[in-house]
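I opened this notebook to record what I looked up in one structure, entry by entry. The entries begin with a strand pair, then turn to the sheet, the chain and some backbone details.

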Amino acid sequence: MSKRIPTKIYLNENELPKYWYNMNAVLKEKHEPALNPKTLKPCTLEDMEKVFCTELSKQELNTTDEFIKIPEEIMDFYKMIRPSPLTRAYYLEKILGTPAEIYYKFEGNNTSGSHKLNSAIAQAYYAKKQGLTSLTTETGAGQWGTALSMSCAFYGIDLTVFMVKASAEQKPYRKAIIETFGGNVIKSPSETTEVGRKILEKFPGTGGSLGCAVSESVEIATNTPNCKYVLGSVMDHVLLHQSIIGLETQKALKKYKIEPDMLISCVGGGSNFGGFIAPFIKDKINGKKNYRIIAVEPASCPTLTRGKYVYDYGDTGMISPLMKMYTLGNGFIPSSNHAGGLRYHGANPIISKLYHDGYIEATSVNQTDVFDAAITFAKSEGILPAPESAHSIRVAIDEALKCKETGEKKKIVFCLTGTGFFDLAAYSDFLNKTMENYIPTDEDLQKGFSTIPDIPQNK
């Protein structure tokens with residue numbers, strides 16, 4: 001009789017990965033470089049340093065080192081919150097009546113409530129090391145703003161957070177936590193920046209978007225002495241830091257000789273998804289493994305499934321570097337749904353390249369179906385998931401039910417990115433049957449596509 005796999009698979013402190021994993025080093029064909037928006041030439045280190053911290057800029061441009069050592073100071077911090085458990089969802093399997101094995105990597109076991117702290121502490125560390133006194137950032141659902149406010153408080157750095165207006169109003173307690181740790185929260189778009197005023201003039205009453213918030217953050221950072229802009233997703237160096245998730249997952253699976261059939265995670269800008277799949281992608285690219293790797297996004301913001309693979313600005317104000325990515329257009333303003341962290345118009349360049357080349361899949365789901373899955377999971381596993389995380393749960397459940405029909409005993413592994421205790425208004429809307437689905441029409445999407453820059457690289 002085979003040994004029963006424990007409900008929770010823990011790594012000990014000595015098993016904590018000591019290096020981050022750089023997917024850029026193993027891509028068979030590198031993704032197109034970020035472009036300076038003024039010259040349309042590949043961004044240099046000097047270009048990057050005008051906006052980002054120096055060390056983060058170097059990591060962004062690193063396409064050769066497969067493993068990058070984690071500084072001891074960051075390792076010491078990680079040991080307070082990591083390793084996180086890989087859990088076998090026995091009760092969910094029982095409720096579904098599936099022969100599939102379902103595992104989830106839970107990233108909500110820290111005060112920020114999500115995976116975002118993995119990169120926030122790294123970015124704050126490099127900012128402190130550089131001697132910066134303040135940082136700016138954007139946040140959607142608030143997980144990133146929370147994590148970065150904690151990290152900046154740890155290192156004594158001032159922080160200004162531009163929070164997407166729709167999310168700030170839906171989740172006032174996220175705003176309260178950010179402020180508890182010393183962060184200054186501004187609803188975006190705002191009257192405090194030139195780009196914010198332009199957006200409000202063009203879209204009065206808008207709930208905002210991550211693209212809007214990025215623009216405001218970059219504007220303040222580039223006009224404030226001893227200040228830089230940091231972000232919680234989209235850029236390659238963020239995925240690098242988040243690879244700690246995938247590296248731990250890989251170690252935990254190997255500990256019990258579990259070979260996954262599919263890896264699932266939600267995608268907004270791509271931070272958790274990229275970090276989760278990072279150490280698995282090499283074998284997929286080289287044909288040694290045939291994992292199904294599935295990216296899940298909201299139907300209301302279908303970047304991968306309905307977007308275009310072109311160069312676009314990372315922000316609505318069109319002041320950030322241009323990136324080759326799947327995009328709905330920098331001017332796309334998604335509906336004010338509850339998938340706050342998955343409302344970005346573009347996807348990380350590595351993820352976009354992997355999707356374009358056929359190494360990963362993508363699917364979109366409606367938010368009522370997402371919350372239905374979230375409640376099923378909460379009742380069976382005892383964790384109230386964030387709406388973003390519940391996108392992964394939805395598809396994991398759907399795949400497990402397919403196994404029920406076919407009798408296949410597939411091993412499904414997904415990333416549970418965080419908890420949903422600040423999303424109770426959304427849960428109430430679902431339970432009260434006042435939640436609605438929104439799927440943009442082709443005409444809606446065309447408005448966003450019309451803002452994609454008309455440059456030679458897009459011809």
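**Entry 1: a strand pair**

I began with Lys308, which stands opposite Thr327 in β13. I note at the outset that I am reading a predicted model. The pairing of β12 with strand β13 (residues 322–327) is antiparallel and is held by six bridges. I then looked up how covered strand β12 (residues 308–313) is, and found five of its six residues buried, so the rest of the structure largely encloses this strand.

**Entry 2: the open sheet**

Next I asked in what order the strands of the open sheet are arranged. I read seven strands in the order β1-β4-β5-β15-β10-β11-β14, with mixed pairing. At the edges I found β1 (8–9) and β14 (361–365), each of which pairs on one side only. As a reminder to myself, strands of a sheet pair through backbone hydrogen bonds, in either the parallel or the antiparallel sense.

I followed β15 in more detail, and wrote down that strand β15 (residues 411–416) is mostly covered, with five of its six residues buried. Strand β5 (residues 101–106) runs parallel to β15 and is joined to it by six bridges, and within this pair I located Glu101, whose bridge partner in β15 is Lys411. β10 also pairs with β15 in the parallel sense, here over three bridges, and Leu263 is the residue that stands opposite Val413 in β15.

**Entry 3: the chain as a whole**

I then stepped back to the whole chain, for which I list 19 helices and 15 strands. Its radius of gyration is 20 Å, close to the 23 Å that the globule rule gives for 459 residues, so I regard the chain as being as compact as a globular protein of that length. The C-alpha trace spans about 65 × 50 × 50 Å along the principal axes of the chain.

How much of the chain counts as buried? I find 63% of the 459 residues in that class. I also checked the contacts between residues at least 6 apart in sequence, of which 77% join residues at least 24 apart. The accessible surface of the chain comes to about 17700 Å², and carbon and sulfur atoms account for 50% of that area. For charge, I recorded 52 positive and 51 negative side chains, the centres of the two sets lying 5 Å apart.

**Entry 4: a buried arginine**

I picked out Arg394, which lies in helix α17 (residues 387–406).

**Entry 5: backbone details**

I noted a cis peptide bond between Arg82 and Pro83, with omega about 0°, and placed Pro83 in the loop between α3 (72–81) and β4 (86–88). I also noted that the peptide bond from Ser188 to Pro189 is cis, with omega near 5°, and that Pro189 lies in the loop between β8 (184–188) and α9 (194–202).

Turning to phi, I found a positive value of about 55° at Asn226, which is not a glycine. Asn226 sits in the loop between α10 (210–222) and β9 (227–229) and counts as partly exposed at 39% relative accessibility. Lys257, likewise a residue other than glycine, has a positive phi near 55°, and its place is in the loop between α11 (236–255) and β10 (262–266). With a relative accessible area of 78%, Lys257 goes into my notes as exposed.

Note on methods:
Residues are numbered from 1 along each chain as its sequence is written. This is a predicted model: local features need pLDDT of at least 70, side-chain atom pairs count only at pLDDT 80 or more; totals for chains, interfaces and linings use all residues. Side-chain values use heavy atoms; hydrogens and water are left out. Helices (H or I, at least four residues) and strands (E, at least two) are DSSP runs, numbered from the N terminus. The radius of gyration is taken over C-alpha atoms; the globule rule is 2.2 Å times the number of residues to the power 0.38. Buried means under 20% relative accessible area, exposed over 50%, partly exposed in between (1.4 Å probe, protein chains only). Contact means heavy atoms within 4.5 Å. Accessible areas come from the Shrake-Rupley method with a 1.4 Å probe; for residues, only the protein chains shown count as cover. Lys and Arg count as positive and Asp and Glu as negative; His and the chain ends are not counted. The place of a charge is taken as NZ of Lys, CZ of Arg, CG of Asp or CD of Glu. Two strands pair if DSSP finds at least two bridges between them.
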